[in-house]
Structure formats: C-alpha cells, structure tokens
Amino acid sequence: MAYSDKVIDHYENPRNVGSFEKGDEAVGTGMVGAPACGDVMKLQIKVGADGRIEDARFKTYGCGSAIASSSLVTEWVKGKTLDEAATIRNTQIAQELSLPPVKIHCSILAEDAIKAAIDDYRKKHGTGAAEEKKVA
Amino acid sequence: MKLPIYLDYSATTPVDPRVAQKMIPYLTEIFGNPASRSHAFGWKAEEAVEEARGHVAALINADPKEIVWTSGATEGNNLAIKGAAHFYKTKGRHLITQKTEHKAVLDTCRELERQGFEVTYLDVEPNGIVSLEKFKAAIRPDTILASIMMVNNEIGVIHPVWEIGELCRAKGIIFHCDAVQAGGRLEIDMASFKCDLLTLTAHKMYGPKGIGALYVRRKPRVRMEAQIHGGGHERGFRSGTLATHQIVGFGEAARLAKLEMATDNERVRALRDMLWKGIQEIEEVYVNGDLERRIPHNLNVSFNFVEGESLIMAVKDIAVSSGSACTSASLEPSYVLRALGRSDELAHSSIRITLGRFTTEAEVSYAADLIKRKVAKLRELSPLWEMYKEGVDLNSVQWAAH
C-alpha cells in the first residue's frame, strides 16, 4: 500500500499523543469506532476560558491512515472555537492527507471524533442544545 | 546488515547459488527437448531430467518412477485431488479435508463440490492441528479420497498425517498429502508413510519457482485422470514439454536438502527459539498454533491491542507476512487463524516470521528488537491498551460499530 508522505509523517511522528484527565471540567472526550472494525479513535479537547480549544490529545488503534487522520485533527482544532472546530469535514482531512478511497472511512472517523469530543464538553456544561442550534 | 531483512521463507526461498550455477548450462548449452529421441541434444537433456528425478525421489525415499513433474504445488494439488476423484468417482463421491488447507486444496475441493462430489471440511483444534478422532468419525462408506497437509503454511504446525495415512489405507481411501511446507524441512519416508499422492514444490527448498513434483504411488498402484492433455509426457499424467533447467534446479535443491536438512534445522531452531525468547518479553503476546508440534522455521504471533496494518507498516524493515489481508477494502483476517478460534482483533494483529538457510543471528536479534520497540510505540498510541491498563474489560464496552 502506497501512503502519501503526509500520512507517513504523521504516522512516524504523531502530534499530540496522550490523554487528559477525563473528569476535568475543561476537557471534552470523544471515543469512536470499534475494535472489531479495526479502528478506535479517542480524541480529547481542552477548552480555555475564552471558549477556544487551547490543546488537544489523541490515541488511535487503527491503520496508518487512521493514526494520521487523528494526529492531523489535533493540530487543526487548536485555537478554534467549538463552532469552528465542528465545521471540519472529513473531505478536508482526506484531501490534506491524500487518502485513497479505501481509507476515506478513517477521515470520517476523525470528523466523528471531533464532534463526539465537542458534544461531551457541551454536555458537561449543559449548553448542548443551545450550541447545537447555532451550529445548525 | 542489509535492510529489509527477508524473514518470509515460507512464502518462498531464494534459489541457493549452488542450485543456480547448476541450472545455467541447461538454458544455453544443453537446451534440447528431453522428449527428442533422435539426437544427442535430447538425450543429454533427458539424462539431466532423470538424474534430477532420482534426487527428488531420494529426498522422500521413493522410486524415481513415482515422481511426476508439475509446474508447482497448485498444479500438483489440482492433479492429485481432481485426478483421483475423477478416476474413482464410481466407487463413491465423498472427500475429506480440513479447513486450514492451502487454497489450492480448498478451492479444488469447492470445484469438485460443484461437480457433484461431497466434501467434509474438518475443524482444527485450538492448537491448529486436526484431530485423529474427528477424522475417523468423518469417514463414510463412500469416502474415496482424503487430503490433509503435512505442515500448515501459516502457523507451521505438523498434522498427524502418518496416522491418517494408516487409517485411509485400512479403509481403502486414497490419501493425498500437501507436503509443500515440509519438503526439505521434515524427514519424509515414502517407504513407511502410507500416503498415495504427495505434493512438493522446488521454491520452498531453495530451488526455482515454476517447478513442482507430484509423488504417485506405484505399490499399491494409484490411478488418476490427467488434467492436462497433449503429448503424453510423464506417463500420460501430465503432458507438456519438460522445463529442463527448472527440473535440474529442483533436483540439485533436493540433493542439497537431503544432505543439509539436519544441520539446517538445528541452526534454524536455535534462531527461532532466540527470536521467541526476545518477543516473549512483550506483554499480551500469543503464539498461534502448537509450539511443540511445529517445524522449527516458523513463528506466528499475535499482539493484543495493536492493529495489524499499522504493525506491518511499523516493522517494514523486516519482510514478514501478515495475518490480515489489509490492502483490500474489506479487512479480512486470516482464515487459518480464525479456524483456531482467534478473535478478529488478534487474527488481524498477527505476523508470521519464517526463517531459513540464510538467516543470521544478527538479523534475528535486530528483528526481535524492532518488534519490541514498535509494539511498544503502537501501544503508546492505542486507546485500547490504555483501557486494558486501567483494568477496563473491553468486551463490556458498548462500541459504536461503523
């Protein structure tokens, strides 16, 4: 399988690997995928007082493209508001990493992981419904 | 040390330089057709073919007249199974095989099912070995043929083919054995082994690709219907001009294997044990298949909480084979590992390391170290490993399947 240089770079030198304390009020955690399907992504965001994502962490069980997709989105979400982060689309991820068609599901999973992390943060702060409306 | 390191000797072996040397004159100088009876070019080629037939026969203690040249093991398995089933079909229409056979056997059996034969595919035990009792229970009055491999290609386990041969002989069932992974690696003695048809190939024993042999027993005589028709070569079993240089290569490879098998095996076993000792230090690692009833060249291991494709990507400096056909869109784990009852996850994260004549101690220690480092790195990345370490039971988690 021929991987793009960007996939190989993220795979060899993954950015922002690790975990935040799940219980932390400033942290939102998203876990998507299933071991039997061959991919599980855990993405965490840390939201600052100004409402912007100040840091992100990931751990991924999956192929090189899955690892690269999640590594990439930890870079992309930093500095964004939750609304901005929620606009990241899988097509942008797939394009940036030149993913082949059989690996598109990795980018979809990464998009889902961002959304799951944002949802988790909003649930903690009881602002889920209001914020959702704004997004829509 | 040259990278990548070749550790996939069960897929194919390099041609031994001594074998290659022996083959060369048969391409340019002694190029005659061994079937040409009217001149010296043909006679010399025929002489070389017969000498090689003698070496292959000697490797398995058979009569040279019992060796039929084929293009390789796939053809050998097709000829043996279809040939015997077609010949004996008036006696009965039932065949027995098992689920971890090579596709060349399984697909041939599927084809026979389409032609109206019935096939029993036996399960293997969790150690990868077929059970003698289950084999016995599968025999029916109309069973005409059984096909069980000597050594499995993925996990290297040795099936009780000698006992199965006895059972078949007593019941008048033709017994075919795919011995491709055993040839040149295990002692095979056709004088005592009650096997009627046995498949061998050159490229797993340091000979060239594209040449194989099918042993066809003469006493008691086994009959087959030819599958390829033409000039009536190989006593009518397999028509087609003989590939003299390939045959000479196979002959030389067999001669060397007979001479060097014992010392090769001892050396390779020490290397394999060294490799396993290194890998064993990793947590949550599982050997696939019985470690005792196994050829010394093979180590097949699964690493829990590491995904298969990323593992193969991580160890790209060693040429090993994966239990997972990941390049396709559908992630399909090895059917052999699934037959052992391994979970999809463990079947996916397996690697098969097979050693051989040219493997060195330095290469093995490099491989063990590389695997250790890379598995640790991937686990550092794995949320499943983190959960396992936190004591979460992964089976109790509600996963959102996608």
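A: Start with packing: the buried residues of α4(A) pack against α1, α2 and α5 of chain A. Helices (H or I, at least four residues) and strands (E, at least two) are DSSP runs, numbered from the N terminus. Two residues are in contact if their C-beta atoms, placed from the backbone, lie within 7 Å. This is a predicted model, in which local features need pLDDT of at least 70 and side-chain atom pairs count only at pLDDT 80 or more, while totals for chains, interfaces and linings use all residues. Residues are numbered from 1 along each chain as its sequence is written, and chains are lettered from A and ligands numbered from 1 in the order in which they are written.

Q: Which residues of α4(A) are buried?

A: A residue is buried if 20 or more other C-beta atoms lie within 10 Å of its own, exposed if 12 or fewer, and partly exposed in between, with C-beta atoms placed from the backbone. In α4(A) the buried residues are A:N90, A:I93, A:A94 and A:L97. They fall within an arc of 95° seen down the helix axis, so they line one face of α4(A). The arc is that of the directions from the helix axis to the C-beta atoms.

Q: Where do the buried residues of α1(A) lie around the axis?

A: Helix α1 of chain A spans residues 5-12, and A:V7, A:H10 and A:Y11 are buried in it. Their arc around the axis is only 100°, which puts them on the same side of α1(A). The cover over the buried residues of α1(A) includes α2 and α4 (90-97) of chain A, together with α9 of chain B.

Q: How is the crossing of α2(A) and α4(A) read, and at roughly what angle do the axes cross?

A: Axes are lines fitted to C-alpha atoms, for helices over the stretch in contact, and angles run from 0 to 180 degrees between N-to-C directions. Angles under 35 degrees count as roughly parallel, over 145 as roughly antiparallel, 65 to 115 as roughly perpendicular and the rest as oblique. The axes of α2(A) and α4(A) come within 10 Å and cross at roughly 110°, so the two helices are roughly perpendicular to each other. In this contact A:S65, A:A68, A:S69, A:L72 and A:V73 of α2(A) meet A:I93, A:E96 and A:L97 of α4(A). By class, the residues of the contact of α2(A) with α4(A) are 5 nonpolar, 2 polar and 1 charged. Ala, Val, Leu, Ile, Met, Phe, Trp, Tyr, Cys and Pro count as nonpolar, Asp, Glu, Lys and Arg as charged, and the others, Gly among them, as polar.

Q: What is the handedness of the crossing of α2(A) with α5(A)?

A: A crossing is left-handed if the near helix is turned anticlockwise from the far one by less than a right angle, and right-handed if clockwise. α2(A) passes α5(A) in a right-handed crossing. The axes of α2 (residues 64-77) and α5 (residues 104-125) of chain A come within 9 Å and cross at roughly 40°, so α2(A) and α5(A) are oblique to each other. The contact includes A:S65, A:S69 and A:V73 of α2(A), with A:L109, A:A113 and A:I114 among the residues of α5(A). It has 8 nonpolar, 4 polar and no charged residues.

Q: How many residues does each chain give to the contact between chains A and B?

A: Chain B gives 23 residues and chain A gives 24. On chain B, α9 (308-314), α11 (344-348), α12 (361-381) and α13 (383-389) each supply at least two residues of the side that touches chain A. That side of chain B has 12 nonpolar, 5 polar and 6 charged residues.

Q: Which peptide bonds of chain B are cis?

A: Most residues other than glycine have a negative phi, and most peptide bonds are trans. A cis bond joins B:L3 and B:P4, with omega about -5°. Another cis bond joins B:K219 and B:P220, with omega about -10°. B:P220 is in the loop between β8 (212-216) and α8 (244-280) of chain B.

Q: Where does B:N61 lie?

A: B:N61 lies in the loop between α3 (40-59) and β2 (67-70) of chain B, and its phi is near 50°, a positive value. B:N61 is partly exposed, with 14 other C-beta atoms within 10 Å.
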